[in-house]
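Q: Could you walk me through reading a model like this one, feature by feature? I would like the general idea before each case.

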Amino acid sequence: MKNSVSVNIARFVALMIVQIYIFNNVNLFGYINPYPYVLFLLVFPFTSNRALYIFIAFLTGLTMDMFGNSGGVHAAACLFLAYLRPVALRFSFGVSYEYNAIKLSKVSFYERFIFISIMVLIHHLVLFLLEVFNISNILYTLNKTLVTSIFTIILCLTFNILFSSRNE
Amino acid sequence: MHQIINFLIRNKHFLLFAFLLMLSLVFTIQSHSYHRSKFVNSANWFTGGIYGSVTSVQDYFKLKTYNKQLLEENARLREMLKSPNEDNLDLEVLTDITSPIPSDSLRKFSYIPAKVLNNNYAKTDNFITLLGGSQDSIHKDQGVITSKGIVGIIDKTSSGYSTVLSILNSNFTTSAKLRASEHFGTMQWDGEDPNIVQVIDMQQQAPVKLGDTIETSGKSAIFPKGIPIGTVNEFELDPSKNFYTLSIKLINDMTNLGHVYVVENSYKKEIIALETQQDEE
């Protein structure tokens, strides 16, 4: 248990550093900044206390907001992600999720891809809706959500595949 | 009572979610109105310190650019010294030279150098973090410029750091005028291209031409008059046919900022006091 805590703290710090130092400054095509820090919330132990998980998600988002001067948009997006994770887990892994503790590194690539995609899309949709904060720019918001999600999903999958084998 | 407690326990996750969501929405809404985000901003020792350590590394790679910018500015200032003419020299400077009164008491604007720690331009509401805060006499509502043009307005300060409401922020507006005449409009940003800003509500009589320079009008008490903003890229009459809407190509490259100047207007308190007095009457 203690090991799991330290692993998660290390993962949090590492992803935050990478996010703030590198991915917040990517500005691909002028407006795309992928947010692979959500991977921390995606792979957070599935069996953990749900209230704790929601609270940690809030703090993770708030940290991002502090660095980005964005008010509470990341916090809100992370909260949605955390609250809806069980739904996405059930949808992508079926009944097996409810019976035994599955690990993201042990499921097939297809299931993993579906799970990460759903979560990233939810997070980015809430994030950009709140960031643009203007319903008349809805097409711009959706476009930004979609394009940024593609890059975040690719990054999350890459990180997940690269680092998951070592954790086992 | 028993049922209420049961209800709370059963829905505790949802309630926690709803409570924290409310909190983050409050932060979000605060951040969308100018000067309201009290808690969540990067002008504190923690975030400022981390940005500072990144910048110290990045600075080595940008030394060449900074040097070039400084040389250009030096050249321009030398040029101004050599040929004092009305275009470049403000009236205040002239009175400075000729007046027997010590120049400090006459000078309207003073400039404080500051270093950029973090700069965003890909979002709809962008902020810049500066190294330099209230102990360097940087305070909120001061203007921020570079040698080439305007950058933004100071939003929050801590003792050592400050955040700037960038001109690339949907909450930013300032008064802008044509260099060739005194016609003015309101400058704002539509959130799309970081090189293009908009000037709206410029009188239809204004002699607008493509390529004309747009500069600050000096009406806001934040920026001095005549700080360049950009050149006219496109313009059209709005549907009411009374006002021009201009799209302006920025002279200043907002995606590449190193060192900036914070502008302090020593008469600002006086001007604001006078204006509020007028409003009350």
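A: Let's start with burial: buried means under 20% relative accessible area, exposed over 50%, and partly exposed in between, using a 1.4 Å probe and protein chains only. By that reading, 51% of the 168 residues of chain A count as buried. Please keep in mind that this is a predicted model, where local features need pLDDT of at least 70, side-chain atom pairs count only at pLDDT 80 or more, and totals for chains, interfaces and linings use all residues. Residues are numbered from 1 along each chain as its sequence is written, chains are lettered from A and ligands numbered from 1 in the order in which they are written, and side-chain values use heavy atoms, leaving out hydrogens and water.

Q: How many helices and strands does chain A have?
A: Helices (H or I, at least four residues) and strands (E, at least two) are DSSP runs, numbered from the N terminus. Chain A has seven helices and zero strands, so its elements, from the N terminus on, read α-α-α-α-α-α-α.

Q: What is the span of helix H6 of chain A?
A: The expected span of a helix is 1.5 Å times one less than its number of residues. H6(A), residues 109-132, has 24 residues and reaches 33 Å from first to last C-alpha, close to the expected 34 Å. After H6(A) comes Phe133(A), with a positive phi near 60 degrees.

Q: Is Tyr110(A) buried or exposed?
A: Tyr110(A), found in helix H6 of chain A, counts as exposed because its relative accessibility is 57%.

Q: How many residues of chain A are in contact with chain B?
A: Contact means heavy atoms within 4.5 Å. On that basis, 34 residues of chain A are in contact with 36 residues of chain B. Buried area is the accessible area (1.4 Å probe) that two parts lose on being put together, summed over both. Chains A and B bury about 3100 Å² between them, with 65% of it on carbon and sulfur atoms. In chain A, Met66(A), Phe67(A) and Asn69(A) lose the most area to chain B, together 22% of what that side buries.

Q: Which element gives the largest share of the side of chain A that touches chain B?
A: That is H3(A), with 10 residues.

Q: What does Asn118(B) touch?
A: Asn118(B) sits in strand S1 (residues 109-119) of chain B. Leaving aside residues up to four places away in sequence, its contacts include Asn25(A) and Phe67(A) from chain A, and Tyr51(B) and Phe127(B) from chain B. Asn118(B) counts as buried because its relative accessibility is 7%.

Q: Which residues are linked with Lys177(B) in a network of salt bridges?
A: The network links Lys177(B) with Arg179(B), Glu182(B), Glu215(B) and Lys225(B). Lys177(B) meets Glu182(B) at 3.7 Å, N to O, and Glu215(B) at 3.3 Å. Lys177(B) lies in strand S6 (174-178) and Glu215(B) in strand S9 (213-216) of chain B, so this pair ties together parts 38 residues apart in sequence. Both Lys177(B) and Glu215(B) are buried, whereas Glu182(B), at 48% relative accessibility, is partly exposed.

Note on methods. Salt bridge = Lys/Arg side-chain N within 4 Å of Asp/Glu carboxyl O.
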